[in-house]
Amino acid sequence: MPGIKGPRRVHQYRKEFKVTAARRGHRPEIQVKDVATEPNIHPFMLSRWRKEYREDKLQGNVKKSIAPGAAAGL
């Protein structure tokens, strides 16, 4: 049958990857959509990672260092 596809593939990302993407997404000179399109992740997923990072729910080996006010433009 032409309309039936197999099971959707679920991508698993390492925490370090998520933290790095979230940090890049917080930089004021870079747009979220540009950060998301480079590794081919959905902008909604990046937005979720950014929120988890701000709330200290997403932790990795990378130290948290967001400039004050950088998250204000969300």
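Here are some friendly notes on the predicted model above, taken point by point.

1. **Ground rules.** Because this is a predicted model, local features need pLDDT of at least 70 and side-chain atom pairs count only at pLDDT 80 or more, while totals for chains, interfaces and linings use all residues. Residues are numbered from 1 along each chain as its sequence is written, and side-chain values use heavy atoms, with hydrogens and water left out.

2. **Overall make-up.** The protein chain holds three helices and zero strands, and its elements run α-α-α from the N terminus. Helices here are DSSP runs of H or I with at least four residues, strands are runs of E with at least two, and both are numbered from the N terminus. Of the 74 residues, 22% count as buried; that word means under 20% relative accessible area, with exposed meaning over 50% and partly exposed in between (1.4 Å probe, protein chains only).

3. **Surface and contacts.** The chain exposes about 6000 Å², and carbon and sulfur atoms supply 52% of that area. The areas come from the Shrake-Rupley method with a 1.4 Å probe, and for residues only the protein chains shown count as cover. Among contacts (heavy atoms within 4.5 Å) with a separation of 6 or more, 57% are between residues 24 or more positions apart.

4. **Helix H3, its length and its buried face.** The end C-alpha atoms of H3 are 17 Å apart, which agrees with the 16 Å that its 12 residues should span at 1.5 Å a residue. The expected span is 1.5 Å times one less than the number of residues. Buried in H3 are Leu46, Trp49, Arg50 and Tyr53. Viewed down the axis of H3, these buried residues fall within an arc of 100 degrees, so they line one face of the helix; the arc is that of the directions from the helix axis to the C-beta atoms. As a reminder, an α-helix has 3.6 residues a turn, so residues three or four places apart point the same way. The cover over the buried residues of H3 includes helix H1 (15–25) and helix H2 (32–37).

5. **Helix H1.** Its buried residues are Lys18, Val19, Ala21, Ala22 and Gly25. Seen down the H1 axis, they fall within an arc of 165 degrees, so they too line one face of their helix. H2 and H3 are included in what covers them.

6. **How H1 and H3 pack.** The axes of H1 and H3 come within 9 Å and cross at roughly 90 degrees. Axes are lines fitted to C-alpha atoms, for helices over the stretch in contact, and angles run from 0 to 180 degrees between N-to-C directions. H1 and H3 are therefore roughly perpendicular to each other (angles of 65 to 115 degrees count as such; under 35 is roughly parallel, over 145 roughly antiparallel, and the rest oblique). On the H1 side, Phe17, Lys18, Val19, Ala21, Ala22, Arg23 and Gly25 meet Leu46, Trp49, Arg50 and Tyr53 of H3.

7. **Some pairs to look at.** Arg50, in helix H3, is buried with a relative accessible area of 7%. Its C-alpha atom is separated by 9.8 Å from that of Val32, 18 residues apart along the chain. Met45, also placed in H3, is partly exposed at 27% relative accessibility; Met45 and Ala22 are 23 residues apart in sequence and 9.9 Å apart in space, C-alpha to C-alpha.

8. Lys15 belongs to helix H1 and is partly exposed, with a relative accessible area of 48%. The C-alpha atoms of Lys15 and Leu58 are separated by 7.2 Å, although the two are 43 residues apart along the chain.

9. **One backbone angle to check.** Most residues other than glycine have a negative phi. Asp56 sits in the segment after helix H3 (43–54) and counts as partly exposed, at 46% relative accessibility.
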